[in-house]
Amino acid sequence: EGLFFSGTAVVTFGGAYAVLAYVAQRAVYTYGWLAPGEMVRGLAMAETTPGPLIQVVQFVAFMGAYRDPGSLDPWVAAVLGACLVTWVTFVPCFVWIFLGAPFIEALRGNERLSAALTAITAAVVGVIANLALFFAVHTVFGAVDEGRNYGWIQVDVPDWSTVSLRALAVSLLAMWLTFRRKIGLLPTLGICAIVGASLYLLGRAI
């Protein structure tokens, strides 16, 4: 976990959501630290607090260490894993800042660097879209055929009979509020949380 997350902090660009796309792919499919549904719940938990990136990586590390504690007690291993990952995630960021700060002003006028950053920004948009699709599929559908291969493309194929109408309704509401009504992020989250909780309680009452 320390090697993976320290490497992730060094080589990933584009902010928290670009990093989480890579973390989700590796943590779920490569290392098997947690299931796709658990990754979705981890992100949902993190979004209720400031600093979603560090909350998610702590959650992933906690779950992975708890399930494979080695000779340690699972709870001890989980806490150590979460603390270790917090440390290795932040250290490279500070190193980049301290080493690169004296050169930032000089680099701003570098046309080649500006072109490279533009290309990176375009790639980040695609990465974040991929993350959105990953979480949408595993939120709206109860069962997903994970990692089905179509040549060199790997796709998560949902089972359409397991669609959650409640999750779909809240997702459509969020898109309508964001893109049609132009409501801000925090009000949208608040409205959708209230609607989602109401639908859940109504379903249990029925």
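## Helix 2 against helix 7

A crossing is left-handed if the near helix is turned anticlockwise from the far one by less than a right angle, and right-handed if clockwise. Helix 2 and helix 7 make a left-handed crossing in this predicted model. Helix 2 spans residues 16–30. Its axis lies 8 Å from that of helix 7, at an angle of about 50 degrees (axes are lines fitted to C-alpha atoms, for helices over the stretch in contact; angles run from 0 to 180 degrees between N-to-C directions). The two helices are therefore oblique to each other (under 35 degrees is roughly parallel, over 145 roughly antiparallel, 65 to 115 roughly perpendicular, the rest oblique).

On the helix 2 side, the contact (heavy atoms within 4.5 Å) uses Tyr17, Ala18, Leu20, Ala21, Ala24 and Tyr29. They meet Val124, Val127, Ile128, Asn130, Leu131, Phe134 and His138 of helix 7. Eleven of the residues in this contact are nonpolar, two are polar and none is charged (Ala, Val, Leu, Ile, Met, Phe, Trp, Tyr, Cys and Pro count as nonpolar, Asp, Glu, Lys and Arg as charged, the others, Gly among them, as polar).

## Helix 3 against helix 7

Helix 3 also packs on helix 7, at about 110 degrees and with the axes 9 Å apart. That makes the pair roughly perpendicular. Pro36, Met39, Val40 and Leu43 of helix 3 meet Phe134, Phe135, His138 and Thr139 of helix 7. This contact has six nonpolar and two polar residues, and no charged ones.

Phe134 and His138 of helix 7 touch helix 2. Both also touch helix 3.

## Helix 1 against helix 2

Helix 1 covers residues 2–11. Its axis comes within 11 Å of the axis of helix 2, and the two cross at roughly 155 degrees. That makes helix 1 roughly antiparallel to helix 2. The crossing is right-handed.

Phe4, Phe5 and Thr8 of helix 1 make the contact with Val19, Tyr22, Val23 and Arg26 of helix 2. By class, there are five nonpolar residues, one polar and one charged.

## The largest pocket

The largest pocket has a volume of about 1,700 Å³ (the space filled by probe spheres set on grid points, joined across faces, edges and corners). Its lining has 37 residues, and Phe135, Thr139, Ser171, Ala174 and Leu189 are the closest to its centre. On a 1 Å grid over the protein atoms alone, a pocket is an open set of points where a 1.4 Å probe fits, with protein on both sides within 12 Å along at least five of seven lines; lining residues have an atom within 4 Å of a point.

Helix 3 (36–47), helix 7 (111–140), helix 8 (165–180) and helix 9 (185–205) each supply at least two lining residues. Helix 7 gives the largest share, ten residues. The lining has 24 nonpolar, ten polar and three charged residues.

## Overall build

The protein has nine helices and two strands (DSSP runs numbered from the N terminus: helices H or I, at least four residues; strands E, at least two). From the N terminus, the order is α-α-α-α-α-α-α-β-β-α-α. The C-alpha atoms fill a box of roughly 65 × 50 × 40 Å along the principal axes.

## Basis

Residues are numbered from 1 along each chain as its sequence is written, and side-chain values use heavy atoms, without hydrogens or water. In this predicted model, local features need pLDDT of at least 70 and side-chain atom pairs count only at pLDDT 80 or more, while totals for chains, interfaces and linings use all residues.
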